[in-house]
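Hi,

Here is the structure I promised to pass on. Please have a look at it before you read my notes below.

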Amino acid sequence: MSGKKTLAIIKPDAVQNGHIGKIIDHLLAKGIKINAMRLMHLSTAQAAAFYAVHRERPFFNDLVVYMTSGPCIPMALELDNAVLAFREIIGATNPEQAANGTIRKLYGQSLEKNAIHGSDSDENAAREINFFFSGIDHV
């Protein structure tokens, strides 16, 4: 059975463009429970550690620069079949390819500035939630 928890990050572009409330409303309307949420500005070290899985990829440095360009909002979410269901709600990584009504189609600007991050596996969801919310019992 798939897990019930995943991590989302409202990315700096969506925060800067004033889409926080719209994205949170979208999540709540889909029946998603937000167990933890925080506004933060990632340091270069934090962004590099979080995205370390992509360290060897050509976009890694640009990703770190982008994710440190302004505040973001990590959220620990709960829903049935969390990772798969949430990825359907946010849409394809490239907003141009995302289905109508998905968060990335509605609020994403480009492949890099795509409004929101979502965990890609139950294992990464657990690791990512712990990265931002370790020590919080109800997450």
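What follows is a short note on the aromatic rings.

This is a predicted model, where local features need pLDDT of at least 70, side-chain atom pairs count only at pLDDT 80 or more, and totals for chains, interfaces and linings use all residues. Residues are numbered from 1 along each chain as its sequence is written, and side-chain values use heavy atoms, with hydrogens and water left out.

There are 5 aromatic pairs in the structure (Phe, Tyr or Trp rings, the six-membered one for Trp, with centres within 6.5 Å; planes under 30 degrees apart are stacked, over 60 edge-to-face, the rest tilted). One of them is the tilted pair of Phe50 and Phe132, at 5.1 Å centre to centre with 50° between the planes. That pair joins distant parts of the chain, 82 residues apart: Phe50 belongs to helix α3 (residues 44–50) and Phe132 to helix α7 (residues 122–133). Helices here are DSSP runs of H or I, at least four residues, numbered from the N terminus.

Phe50 is buried at 2% relative accessible area, and Phe132 is buried at 4% (buried is under 20%, exposed over 50%, partly exposed in between, with a 1.4 Å probe and protein chains only). Phe131 and Phe132 make an edge-to-face pair, because their planes stand at 75°, with centres 4.9 Å apart. Phe131 is partly exposed, at 31%.

Ring pairs connect Phe50, Tyr51, Phe131, Phe132 and Phe133 into a cluster.

Best wishes

Notes:
Helix = DSSP H or I, 4+ residues; strand = E, 2+ residues; numbered from the N terminus.
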